[in-house]
Amino acid sequence: MGSIRFDHVDKVFGPNTGGIKALEDINLKIGEKEFVAIVGPSGCGKTTCLRMVAGFDAPSAGVVSVSGKPVTAPGPDRAVVFQQFALFPWKTVRENIELGLRNKNLPAGERADLVANALKLMNLESHAAAFPHQLSGGMQQRVAIARAYVLDPEVLLMDEPFGALDAQTRVVMQEELVRLARVNPRTVLFITHAVEEAVYLADRVAIMTRRPGRIKEVLDIRAIRQAENWDKHPRIEDVMDLESFVHLRTQIWKSLREEKGANVI
Amino acid sequence: MLGRRTWIGLATVLAIVVTWFLLTTITGMVSGGRFPSPAEFWASFRQITGRGYAGGDLLQHALHSLKLVVMGFAVAIATGVPLGLWMGWSRKVEAAINPVFLVIRPIPPLAWIPLAILWLGLGDAAKIMVIWFSAFVPSVINSFTGVRTIDRPILEAARMLGTPRLRMVTEVIAPAAAPMIFTGLRLSLQASWTTLVAAELVGALVGVGFVLNMAQQDLYPGMILVGMVTVGVLGWGTTKLLAMAEQRALAWNVAARD
């Protein structure tokens with residue numbers, strides 16, 4: 001199981017054409033099986049942080065490493081769930097989930113078992129033969145999550161995964177993710193601009209400044225969550241009503257509002 | 001059984017035939033020397049399907065032309081689509097090939113006919129070569145564009161899943177680009193027929209274009225029209241076949257567009 005580490009990471013876009021400094025001196029450690037959410041104003045570079053862990057973008061300075069090894073290229077040890085799902089529309093649900101396992105050259109029998117488990121885990125069993133366009137947005141994102149989970153990755157990278165979903169579906173998926181984290185805990189880096197979502201899901205919430213993005217502060221939610229026993233409430237709205245939740249949310253809100261011109265939903 | 005749209009289409013065809021009949025046979029506004037009447041057209045059709053014309057019956061001419069189009073088109077697909085995909089995938093390959101392409105592209109395919117005949121004579125090979133050239137360009141361009149317009153997250157998802165190179169092409173890039181590739185194939189097929197008829201007009205001993213050429217020399221409007229309609233029907237039929245292949249191959253996409 002993996003850890004993630006940002007060491008003095010800078011990111012400059014278009015360094016040859018003047019350059020826009022997107023990230024400045026990012027330092028963050030995410031431990032094994034820890035769920036860390038990054039929140040920040042639009043354009044602060046939070047998605048870029050995730051893309052560097054995924055290996056889609058390279059840091060301009062500093063090192064991003066996963067389980068101690070610097071990231072050089074994308075790979076199935078770092079599974080990504082994209083905001084726009086990014087399923088293969090010409091493959092069925094089953095084929096979408098199976099592709100990563102075929103790439104690992106697992107034997108067919110083992111693949112079938114793993115896919116069956118993943119389908120069951122995400123309540124997709126009755127949709128295995130469907131094509132993505134036949135499913136709702138929420139179901140498509142379930143497929144994407146199953147496709148990521150089935151890889152048994154070191155870390156799970158989620159880039160505003162519920163940002164494209166309607167409010168009701170979003171809530172269901174958030175509860176689903178909490179359930180999933182209990183059955184099958186993972187190291188997760190979760191990008192969002194929704195403060196409630198971050199507080200509800202994460203062990204720790206990292207707040208970023210506006211561009212050039214820096215980590216402004218990191219709040220540990222775990223102690224409060226345990227002390228106030230959030231987990232005994234199965235429904236997200238009940239948790240969101242708790243005084244301790246409201247207090248944390250307001251604290252993060254204020255921190256973000258201090259960022260002039262910040263544009264946070 | 002037939003839908004409303006089909007009926008409207010049939011009505012248009014009927015109106016054209018009636019107008020044709022009116023202008024030629026009934027009123028004589030258009031003389032038979034310029035455009036054949038339906039009766040003359042029918043007589044020409046009977047002649048070429050029966051006794052034959054220009055050294056063969058209609059079926060022989062049509063099949064020969066069809067064979068050349070299919071062969072030229074097939075070679076164009078087999079070379080054009082992979083090249084287009086490759087250019088789309090690799091900036092280096094694009095940089096290497098694009099300059100050549102930019103110069104060759106504006107040359108009308110028909111301008112290759114003299115060279116093709118010089119190299120390969122009046123036989124089938126020259127025509128296949130010219131069809132290949134004309135069908136090649138739309139295949140390459142659309143395959144190229146198809147790759148370049150793939151959504152970035154789709155490619156990133158495939159890389160994240162550790163997809164090896166060959167599988168990336170066969171299971172991700174080619175299917176993602178397939179709708180555009182098929183657009184290219186439709187244009188290629190059209191170009192193939194255009195070029196074939198032109199090539200057969202210039203030099204051939206059999207084929208629909210040759211029928212047209214002979215009929216022109218014989219001042220035989222009825223047979224000219226038979227030749228033209230034959231090309232139209234063959235073009236329509238092959239396009240229809242291609243559309244059916246597309247529908248099968250892109251079932252996911254056709255459904256997604258609904």
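## A bridge in chain A

In chain A, Asp159(A) has Ile191(A), a residue of strand 8, as its bridge partner. The model that shows this pairing is a predicted one. The two strands concerned are strand 7 (residues 155-159) and strand 8 (residues 187-191) of chain A, which run in the parallel sense and share 5 bridges.

Both strands belong to an open sheet of 6 strands in chain A, with the order 6-7-8-3-9-10 and mixed pairing. Its edges are strand 6 (78-81) and strand 10 (215-220) of chain A; each has a single partner strand, so one side of each is left without a neighbour in the sheet. On average, neighbouring strands here are turned by 20° against each other, direction ignored.

Strand 1 (residues 4-13) of chain A pairs with strand 2 of chain A in the antiparallel sense, over 7 bridges. Within this pair, Ile4(A) has Ile30(A) of strand 2 as its bridge partner.

## Chain B as a whole

Chain B is built with 11 helices and 0 strands. Its C-alpha trace spans about 70 × 50 × 30 Å along the principal axes.

Of the 258 residues in chain B, 37% are buried. Counting contacts in chain B between residues at least 6 apart in sequence, 73% join residues at least 24 apart.

## Helix 3 and helix 8 of chain B

Helix 3 (residues 58-89) of chain B packs against helix 8 of chain B at an angle of about 140°, and the axes are 8 Å apart. That angle makes helix 3 of chain B oblique to helix 8 of chain B. The crossing of these two helices is right-handed.

Residues of helix 3 of chain B that take part in the contact include Ser65(B), Gly72(B), Phe73(B) and Trp89(B). On the side of helix 8 of chain B, among them are Val169(B), Ser188(B), Trp193(B) and Glu200(B). By class, the contact of the two helices has 17 nonpolar, 4 polar and 1 charged residues.

## Pro175(B)

Helix 8 (residues 165-202) of chain B also contains Pro175(B). Is Pro175(B) buried or exposed? Pro175(B) counts as buried because it has 21 C-beta neighbours inside 10 Å, and 20 or more are needed. Between Pro175(B) and Trp119(B) there are 56 residues in sequence and 38 Å in space, taken from C-alpha to C-alpha.

## Where the chains meet

The contact between the chains takes 15 residues from chain B and 19 residues from chain A. On the side of chain B, the elements that give two or more residues are helix 7 (152-160), helix 8 and helix 11 (251-257) of chain B. Helix 7 of chain B gives the most, with 6 residues.

The residues of chain B on this side divide into 11 nonpolar, 2 polar and 2 charged.

Conventions. Residues numbered from 1 in each chain as written. Chains lettered and ligands numbered in written order. Predicted model: local features only at pLDDT ≥ 70, side-chain atom pairs only at ≥ 80, totals over all residues. Pairing = 2+ DSSP bridges. Helix = DSSP H or I, 4+ residues; strand = E, 2+ residues; numbered from the N terminus. Axes fitted to C-alpha atoms, helices over the stretch in contact; angles between N-to-C directions. Buried ≥ 20, exposed ≤ 12 C-beta atoms within 10 Å, placed from the backbone. Parallel < 35°, antiparallel > 145°, perpendicular 65-115°, else oblique. Left-handed = near helix turned anticlockwise from the far one by under 90°. Contact = placed C-beta atoms within 7 Å. Nonpolar A, V, L, I, M, F, W, Y, C, P; charged D, E, K, R; others polar.
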